[in-house]
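Here is a short briefing for someone meeting this structure for the first time. Please look over the sequence and the model, then read the points below.

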Amino acid sequence: SASNVCVHRDYGKGGTVCVCNTTHCDTFDDIIKTSVGIITRYESSKSGKRFEKQTFKFSNESFYELQSGGKTVTINRNKKYQQIIGFGGAFTDAATINILSLKPELSQQIISDYYSQNGLNYSIGRIPIAGSDFSTRLYTYDDINEDLELKNFSLADEDLKYKIPLIKRALSLKPHLKLFGSPWSAPAWMKDNHNLTGKGTLKGIPGGPYYKAWAQYFINSSAKYVSGIAFHWYLNSLSPLMDLDKTHQQFPNVFLLSTEACEGSNPFVTDKVSLGNWDRAQAYAYDIITDLQHFTAGWVDWNLALDETGGPNWVKNFVDAPIIVNSSAQEYYKQPMYYSLAHFTKFLPSHSLRVHSDDTGAHILETVVFETPDK
């Protein structure tokens, strides 16, 4: 259970948020491996439970009770699949602006909520290469026209003032933090629509000067070699999960990583930020489980924190986040999504290995089984 319990606040969205301020914020106890024959259950619920811990003694009686009315999971540890890389979130301009709008002790607490042992214990950080829609302006690292040699390539004020300071704080808590970068757009002068937005593609032909400049742009930014394939969740309803299996079969030595997810992105949803929404917590859990069932090696959330409108965002493309900042009140809110993430991030450290499982029973529940490094 949380060592400092949640202070609940109900906004009428089907659940509650946990309020954090300078006087109070809930944290997690260490996860301790139980002895043989003991089962530990951690539960978060719509009714207000937040990572509540209960222990049970396993017995034949409990097995038959579960078998008669529940779900039976059969595990084959000899059949192994993908290894976990980790879980994390994105240091967008919007996220870092919001976090640093709070008092220093609160901004540090948010980083701890994500990257410390008493928080979600994230092991990954995504860094947008230059700006994105979750910035206050449009920019790249080289906006000088036709600078094919990238002589004017440079970081932006947002990197120096917001992103890098918070990344350093995360690294102080997690020295082996894995970082990766991804661009929102190539510079406009490299694209045939001469715009950072829209459906433009790189000018010229593969291997031509613009493709070479774009490749150099990447080399100047977080990676030299491709070793994984990233995907987002936005069109999940249209793209079958079997596509992940097919990708793995075609590229078995390349890892799959879900690198962006958020609730509230549907243009028909009016509540971009929905404080206390329990359905969004369930959507996160379902997506993570089903991704893991299909060779995904990790799951990276989008913005670490947003304001009460779901921004800032220059396009007004507002969405939700596991942590919502209220800078005027100098407090922030842990959404149900935050605790949904904990049920994965707290139990699946890097190098956990998925093993085969079959399930039968009356309950319709998605399951996935892992062997952790400590067995």
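Helices α7 and α8 cross in the right-handed sense; a crossing is right-handed if the near helix is turned clockwise from the far one by less than a right angle, and left-handed if anticlockwise. This is a predicted model, in which local features need pLDDT of at least 70, side-chain atom pairs count only at pLDDT 80 or more, and totals for chains, interfaces and linings use all residues. Residues are numbered from 1 along each chain as its sequence is written, and side-chain values use heavy atoms, with hydrogens and water left out.

**Helices α7 and α8**

- The axes of α7 and α8 come within 7 Å and cross at roughly 25°. Axes are lines fitted to C-alpha atoms, for helices over the stretch in contact, and angles run from 0 to 180 degrees between N-to-C directions.
- That makes α7 roughly parallel to α8 (under 35 degrees is roughly parallel, over 145 roughly antiparallel, 65 to 115 roughly perpendicular, the rest oblique).
- From α7, the contact residues include W278, Y284 and L292; from α8, they include P336, L341 and F344. Contact means heavy atoms within 4.5 Å.
- The contact of α7 with α8 divides into 11 nonpolar residues, one polar and one charged. Ala, Val, Leu, Ile, Met, Phe, Trp, Tyr, Cys and Pro count as nonpolar, Asp, Glu, Lys and Arg as charged, and the others, Gly among them, as polar.
- Helix α8 (residues 336-345) is largely enclosed by the rest of the structure, because nine of its 10 residues are buried. Buried means under 20% relative accessible area, exposed over 50%, partly exposed in between (1.4 Å probe, protein chains only).
- Among the buried residues of α8 are M337, Y338 and T345.

**The six-stranded sheet**

- Six strands form an open sheet with parallel pairing, in the order β8-β7-β6-β11-β10-β9. Two strands pair if DSSP finds at least two bridges between them. Strands (E, at least two residues) and helices (H or I, at least four) are DSSP runs, numbered from the N terminus.
- β8 (178-183) and β9 (228-232) are the edge strands; each has a single partner, so one side of each lacks a neighbour in the sheet.
- Neighbouring strands of this sheet are turned by 25° against each other on average, direction ignored.
- Four bridges join β6 (residues 86-90) to β11 (residues 296-303). A90 stands opposite N303 in β11.
- Helix α7 (residues 278-293) lies across β6, β9, β10 and β11, at about 150° to β11.

**The five-stranded sheet**

- A second open sheet has five strands in the order β1-β2-β14-β13-β12, with mixed pairing.
- Its edges are β1 (8-10) and β12 (306-307).
- β12 runs parallel to β13 (residues 323-326), joined by two bridges. L306 stands opposite I324 in β13.
- Helix α3 packs on this sheet and touches β13 and β14, its direction making about 15° with that of β14.
- Helix α8 lies across β2, β13 and β14, at about 55° to β14.

**Helices α3 and α4**

- α3 (residues 104-115) and α4 (residues 157-173) pack at about 55°, with axes 10 Å apart. They are therefore oblique to each other.
- Their crossing is right-handed.
- The contact includes P104, I111 and Y115 of α3, and L166 and R169 of α4.

**An exposed loop residue**

- T23 lies in the loop between β2 (16-20) and β3 (38-43).
- T23 counts as exposed, at 70% relative accessibility.
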